[in-house]
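Q: I am new to this structure and would like a close look at a single part of it, the open sheet. Could you walk me through that sheet, and then through what lies elsewhere in the model?

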Amino acid sequence: MPIIDVDRFAAEGFAKVEAVVPREVGDAARALLWERIGLSPDDPSGWRQPVVWTSDLTGEGPFGQIAWSERLGEALDLVAGPGGWLPRGSLGNMPVRFPRVAPADDRGWHIDANTPRADGSWGVSGRPHTLLLLVLLSDVGEHDAPTRVRAGSHRDVAALLGEEVLDPMAAGPLVDAASAHRPQVTATGVPGDAYLLHPFTVHAAQEHLGAEPRFMSQAPVMLAGPLAPGGPSVLSRAVA
Ligand SMILES: O=C(O)CCC(=O)C(=O)O
Ligand SMILES: [Fe+2]
């Protein structure tokens, strides 16, 4: 059986890839991140902010095991085509979301910046250079601030965006309004599970209503070339 159902990816705009690494590797990554953010899993009195940002920029240890996971590579091959994406070697930025504190004001529906501009900044366009990779690094149930995803919303956004590069903050309300009718699903799972999101798939963070902090990486994976209408990859077919 293939590692993801590409027809379903094309229809829904995302796919879960279970266990790109064994959960122990995800657990080891989380242990490193606790050290990095200077907080303790055993001392909730230190959990005072709703979101603490950290990152993996080097792919050391368990982060590299995840970034170079064969299963993850197979899934990326299926959606972007073999050679259609560039290995990152690291997991990138990670918002750690904490329970029992007033939530941050960062939970709006959006798509991530997907197009580099000449000045080095990034915007949102209908010719994306990236897809979105989420990797769960803690147990994420329905109450643990799983990322919300609007299934099928990539098609609404494809109809909305063209070659023009928009400011990501300005694009948010547009893609939100265009996709409000879509059903919402949540990116739940266990450490080592990953989600691939089409660059047009509308998603949002949410408040943490559980008990254990949520650790997840969110990284753009660069495509070998920008996505254009009519291409052969599943990413292109998904919005054709
Ligand atoms: O659930 C979150 O923390 C944010 C999700 C998100 O917007 C992203 O990963 O791009
Ligand atoms: Fe996002």
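A: Two strands are said to pair if DSSP finds at least two bridges between them. The model is a predicted one, and in it three strands form an open sheet in the order S8-S7-S10, with antiparallel pairing. The edge strands of this sheet are S8, residues 184-186, and S10, residues 203-204, each of which pairs on one side only. Strand S7, which covers residues 148-150, pairs with S10 in the antiparallel sense, and two bridges join them. Looking at individual residues, arginine 148 has alanine 204 in S10 as its bridge partner. As a general point, the strands of a sheet pair through backbone hydrogen bonds, and the pairing may be parallel or antiparallel.

Turning to the helices, H5 (residues 153-160) and H6 (residues 168-179) have axes that come within 9 Å and cross at roughly 125 degrees, which makes H5 oblique to H6. The contact is made on the H5 side by Ser153, Asp156, Val157 and Leu160, and on the H6 side by Leu174, Val175, Ala178 and Ser179. Sorted by class, the contact of H5 with H6 has five nonpolar, two polar and one charged residues.

Conventions:
Residues are numbered from 1 along each chain as its sequence is written. Chains are lettered from A and ligands numbered from 1 in the order in which they are written. This is a predicted model: local features need pLDDT of at least 70, side-chain atom pairs count only at pLDDT 80 or more; totals for chains, interfaces and linings use all residues. Helices (H or I, at least four residues) and strands (E, at least two) are DSSP runs, numbered from the N terminus. Axes are lines fitted to C-alpha atoms, for helices over the stretch in contact, and angles run from 0 to 180 degrees between N-to-C directions. Angles under 35 degrees count as roughly parallel, over 145 as roughly antiparallel, 65 to 115 as roughly perpendicular and the rest as oblique. Two residues are in contact if their C-beta atoms, placed from the backbone, lie within 7 Å. Ala, Val, Leu, Ile, Met, Phe, Trp, Tyr, Cys and Pro count as nonpolar, Asp, Glu, Lys and Arg as charged, and the others, Gly among them, as polar.
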